[in-house]
Amino acid sequence: MTPKHPSDSLTILTDLVLPSETNALNNLFGGELLARMDRAASISAGRHSRRIAVTVSVNHVAFNKAIPLGSVVIIEAKVSRAFKTSMEIYIDVWIEDRESGERIKSNEAIYTFVAVDETGKPVEVPHIIPETKLEQHRFDDALRRKQLSLVLAGKLNPHEATELKALFI
């Protein structure tokens with residue numbers, strides 16, 4: 001299977017925050033943002049694997065800045081690392097000023113998807129070759145996050161979590 005680059009899976013969703021999508025403070029509902037990020041991550045995982053890709057977990061979400069009514073929201077998703085059948089998708093969320101075009105990072109998230117066939121059985125996915133320093137950083141961190149998740153789930157002996165151990169040695 002030919003490896004791919006994170007840029008091959010880049011997905012950008014741009015949308016407005018409408019009144020029906022806001023809370024009592026006129027900010028985008030967190031659940032609405034989660035759904036938008038899930039859609040972007042799904043497309044990104046599908047572009048990487050060229051298969052059906054299903055959400056396995058939401059590993060991290062940071063709601064750092066509220067997104068007000070009327071905002072232009074830009075969601076950028078790309079595969080940060082691919083394992084055997086799973087892919088970690090890193091998502092950056094930006095608010096774009098409609099007048100200046102300036103972008104301010106408001107949120108970020110990390111989702112995990114698995115590629116499946118028509119029967120729902122997991123299938124292998126291509127590996128990732130990072131191209132930028134940021135992509136390399138996210139690629140390296142993804143293995144530590146995966147090992148931590150497996151240790152916490154009791155699926156990996158902590159002594160075998162080599163990348164986690166390296167943080168403390």
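D141 and R144 both sit in helix α2 (residues 133-152), three residues apart, or about one turn of the helix. Helices here are DSSP runs of H or I with at least four residues, strands are runs of E with at least two, and both are numbered from the N terminus.

A word on the model: it is predicted, so to speak of local features pLDDT must be at least 70, side-chain atom pairs count only at pLDDT 80 or more, and totals for chains, interfaces and linings use all residues. Residues are numbered from 1 along each chain as its sequence is written, and side-chain values use heavy atoms, leaving out hydrogens and water.

Now for the salt bridges, where a side-chain nitrogen of Lys or Arg is within 4 Å of a carboxyl oxygen of Asp or Glu. The whole structure holds twelve, including these:

| Pair | N to O distance |
|---|---|
| D141 and R144 | 2.6 Å |
| R103 and E76 | 3.2 Å |
| K105 and D92 | 2.7 Å |

K105 lies in strand β5 and D92 in strand β4 (residues 86-96), so this pair ties together parts 13 residues apart in sequence. Is D92 buried or exposed? At 8% relative accessibility, D92 is buried; buried means under 20% relative accessible area, exposed over 50%, and partly exposed in between (1.4 Å probe, protein chains only). K105, at 33%, is partly exposed.

E108 also lies in strand β5 (residues 103-116) and is buried at 18%. Among the residues that E108 touches are H60, Y90 and D92, not counting residues up to four places away in sequence; contact means heavy atoms within 4.5 Å.
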